Amino acid sequence: MTDSLPYTIVGITTLPGHSERAWNAVWNPTRPILASCSADKTVRMYAYSRPDADGDLKFTHLSTLATGHTKSVRSITWAPSGKTLATGSFDSNIGIWEQEQGDGEDGEGNGEWECVSQLEGHETECKSVAYSSTGTLLASCSRDKTVWVWEVHPDADFECMAVLMDHSQDVKCVAWHPSEEILASASYDDTIKLYIDDPSDDWFCFATLTGHTSTVWSVAFSLDGRYLASASDDRTVRIWQRVDEARWETVLVLGGHERSIYSISWGVGSGSGLGWLASTGSDGVVQVWELSEPESAGVAPPRHQLIARIESAHDVYDVNSVSWCSRAGHTDLLATTGDDGTARVWRVIPV
């Protein structure tokens, strides 16, 4: 099947070090740093650079954050500035991390990372954390069925703006719209909820997206914000189109996975069309779809082509997350994490 695809997924490096399963890896949006988190309660940071004109990227272990969380660190997210990292843990708390000022200005930084704030409120496991595109809001979700919205103030001060209790089960993932303050959440109740802030009142759920027949594990907006992708235990990825201000409809269902799809990431891709959508999950497969504008106006499925696929990305282990790098010159890079305790870096290149 992969022989006829126009791109191939090439392994760049494997980053070991976690002593238990690696849950999540995220690229710093402004600096050459990749961070991963694990059930071992740590966050590992790696710097990357190109050693010479012909060589590929070299990854160097920068530091390991012994987070102080008492249970698994399930999720991490960078603020858009690249200066702050948030950790969400099964101990129900959220850690906010900033780097102490060093002497130099290089991308790797010099100072130690320290916990500058701890956010408490969830009753049980925090499953996902996400910063808004402006960095002024942080969202979190939990097994306690709630979604919290926090306002970011100076000096690592956070104020809870809303506790949203619209899901009937464990909430697995939160994601922000790229240009508007619209928040999406995915849940064990098989639905996706969309929220906005009513300036005269409070945050509220303005849409519930139904169609998946099992747990929704992950959601991701397209870079232009007109589409939303969701991944599920039902082995499908759904693409939802925004058809008016507050209404989203399924326009495309993508298959190809044999087991649960745990993670999706929407990247720039080749720079044309709607970008590249990567998916991965329990079957160990990573798929990359290229999505383009629909052939017809109105409510219509985007044109789509499976352009790359790799099996056994983490050997026999489940793959827990996939993430595109957003930094210019590196948008063909993917990071994955697996139950083998590693983060792996891949490049998607033309055949």
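This is a predicted model: local features need pLDDT of at least 70, side-chain atom pairs count only at pLDDT 80 or more; totals for chains, interfaces and linings use all residues.
1. Secondary structure. The protein chain contains 28 strands and 0 helices. Its radius of gyration is 19 Å, close to the 20 Å that the globule rule gives for 351 residues, so the chain is as compact as a globular protein of that length.

2. Dimensions. Taken along the principal axes, the box filled by the C-alpha atoms of the protein chain is roughly 55 × 55 × 35 Å.

3. Burial and surface. Of the 351 residues in the protein chain, 58% are buried. The accessible surface of the chain is about 14400 Å², and carbon and sulfur atoms account for 44% of that surface.

4. Contacts along the sequence. Consider contacts in the protein chain between residues at least 6 apart in sequence: 49% of these join residues at least 24 apart.

5. Charge. The protein chain carries 50 negative side chains and 25 positive ones. The centres of these two sets lie 6 Å apart.

6. Where S282 sits. S282 belongs to the loop that runs between β23 (275-281) and β24 (286-292). Is this residue buried or exposed? S282 has a relative accessible area of 7%; it counts as buried because that value falls under the 20% cut-off.

7. What surrounds S282. Leaving aside neighbours within four places in sequence, S282 is in contact with R259, S260, Y262, D318 and V319. With one of these, R259, S282 also forms a polar contact of 3.3 Å between side chains.

Terms used: Residues are numbered from 1 along each chain as its sequence is written. Side-chain values use heavy atoms; hydrogens and water are left out. Helices (H or I, at least four residues) and strands (E, at least two) are DSSP runs, numbered from the N terminus. Buried means under 20% relative accessible area, exposed over 50%, partly exposed in between (1.4 Å probe, protein chains only). A polar contact is a pair of N or O atoms within 3.5 Å; within protein, one must be able to donate a hydrogen and the other to accept it, and residues adjacent in sequence count only if both atoms are side-chain atoms. Contact means heavy atoms within 4.5 Å. The radius of gyration is taken over C-alpha atoms; the globule rule is 2.2 Å times the number of residues to the power 0.38. Accessible areas come from the Shrake-Rupley method with a 1.4 Å probe; for residues, only the protein chains shown count as cover. Lys and Arg count as positive and Asp and Glu as negative; His and the chain ends are not counted. The place of a charge is taken as NZ of Lys, CZ of Arg, CG of Asp or CD of Glu.
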